[in-house]
Amino acid sequence: MYSRNCKTEEKCRIRRMIGLGIVVALLWIALFVLFAVAAVAVVPQDIPARLRNMADCKVLAAVEVTLPMAADDRDQIDYGIVALSRAAGSDTLLPVDYLVEWTLPSPEGTVSKGFTSYFAGHLYRFRDSRLREYHFDDNPDPFLSADGGVQRSTQFMDVLPYFLADEIERIISDSTYTVTWNENVSVDGLPASVLRADQEINGEIVGELTYVFDTETMVPRRIVREMSPGTISEQTVTVRYSVPGGDVVSRDVPVTEDEVMEIYPDVFTRFREKNYRLTSLPGQPVPEIALQSASGSRYTHPRGEKFAVPTVIAFVDENVSTTPDAAKAVRNAVASLPFTSDIVWVFMSSRPDDVVDAIPGGVQQGETLLYGGRNVIREFGVTETPSIVIAGQTGRVVDVVVGYNKDLESDVIKKVALAR
């Protein structure tokens, strides 16, 4: 009896040990799976780094801009985008070279085209039948502006994952956005991860942003940006990514001027100016000026439009010590002429209070004082102040004066005399 009970107890003990072992094994398996899932799980804060790892990228996308409150019948604008990028770690201005091309069909059947190419401190931008060039070695200012420089302000560059990372990084650190993240959804019948960000300001939703990514690779598949929903200024921008074909995949990012010219020979032949400096402007149409006036109005002069009288456009900086002397010289020159001429003062500062007292006596009759001119100086190719542009009534540049000198008054007199 005793022996039989012992055998039974032994069997029970063995069974209990086996059962405990199974439970422990299952717990270890569960923990392993849990840690494995945690190791690959993505949170919104991880997204920018994942996108920046895609510096070498080739993108084919369609961008739809919808304007439901548009005054005309064209409430949707459709762009076609091809964008290429490659890592360039030695470039301190931007560690990525890129090429962004866009096409825009018109209702009449024509197609507008443009591109921006950047590499190693050189940027080429073509749109509206005009080729603009920026070269850091010749003029670093456009690359060092407060908005990140021309190399970071290219239209449609955010279709490239590397630059989309900047936008998402800003959103997830901005307290005005409510961010939600879901890795287990189906979009267009495929597994997807979706980031949603709603921006609320003063109790109103002013932006609704949706980013759809491939769950495994985090490659962007769709972006929807709804701005000012439900208002007269409502606008929706939708980016739809497609798998690029061989014609896109086979292309490389140009990294020399010769390579850019090889891709766009007609653009460089027809639209390249002699150079992009202020001194190349004589004989050319006066570039567009669109700035705020110190009087409170908006001053706009389209490219090449005629002037009522010969006009002196003076680019001046309120922080430069010679500005008052330069202003006096220009005024004396214009006053001594036997015909009427206007003066347009273009100041660098974006604060009107900084410029009103920067010229002796303030604004006088026949003068216009503009501020916030840093974007305009890029169009004119101004590299130092003061710089004077003399424009004829035809809307073309007659001559220029670069820098301040003791003969500035007589120089302006001679050059304005030729503008009549």
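**Entry 1: getting my bearings**

I began by counting elements and found 10 helices and 18 strands in the protein chain. Here helices (H or I, at least four residues) and strands (E, at least two) are DSSP runs, numbered from the N terminus. I noted that this is a predicted model, where local features need pLDDT of at least 70, side-chain atom pairs count only at pLDDT 80 or more, and totals for chains, interfaces and linings use all residues. Residues are numbered from 1 along each chain as its sequence is written, and side-chain values use heavy atoms, with hydrogens and water left out.

Next I looked up burial: 42% of the 420 residues of the protein chain count as buried. Buried means under 20% relative accessible area, exposed means over 50%, and partly exposed lies in between (1.4 Å probe, protein chains only). I also checked contacts, meaning heavy atoms within 4.5 Å. Of the contacts in the protein chain with a separation of 6 or more, 56% are between residues 24 or more positions apart.

**Entry 2: the sheet**

In what order do the strands of the open sheet run? I traced 11 strands as β6-β5-β4-β3-β2-β1-β11-β10-β9-β8-β7, with antiparallel pairing. Two strands pair if DSSP finds at least two bridges between them. The edge strands are β6 (130-135) and β7 (177-187), each pairing on one side only. From one strand to the next, the twist averages 15°; axes are lines fitted to C-alpha atoms, for helices over the stretch in contact, and angles run from 0 to 180 degrees between N-to-C directions.

Arg196 stands opposite Thr210 in β9.

**Entry 3: helix α3 on the sheet**

Helix α3 (residues 161-172) packs on the sheet, and its direction makes about 135° with that of β9.

At 1.5 Å a residue, its 12 residues should span 16 Å, and its end C-alpha atoms are 16 Å apart, which agrees. The expected span is 1.5 Å times one less than the number of residues.

**Entry 4: salt bridges**

How many salt bridges does the structure hold? I found 17, each being a side-chain nitrogen of Lys or Arg within 4 Å of a carboxyl oxygen of Asp or Glu.

Back at Arg196, I saw its side chain meet that of Asp198 in a salt bridge (2.7 Å, N to O). Arg196 is partly exposed at 30%, and Asp198 is partly exposed at 22%.

Are Arg331 and Glu367 buried or exposed? Both are buried, and their side chains form a salt bridge (2.7 Å, N to O). This pair links distant parts of the chain, with Arg331 in helix α7 (residues 323-335) and Glu367 in strand β16 (residues 367-371), 36 residues apart.

I also noted that Arg52, Arg152, Asp166 and Glu169 are linked in a network of salt bridges.

**Entry 5: helix α10**

My last stop was helix α10 (residues 408-417), whose buried residues are Leu408, Val412, Lys415 and Val416. Seen down the axis of α10, they fall within an arc of 95°, so they line one face of the helix. The arc is that of the directions from the helix axis to the C-beta atoms. These buried residues pack against β14 (311-316), α7, β17 (387-391) and β18 (397-402).
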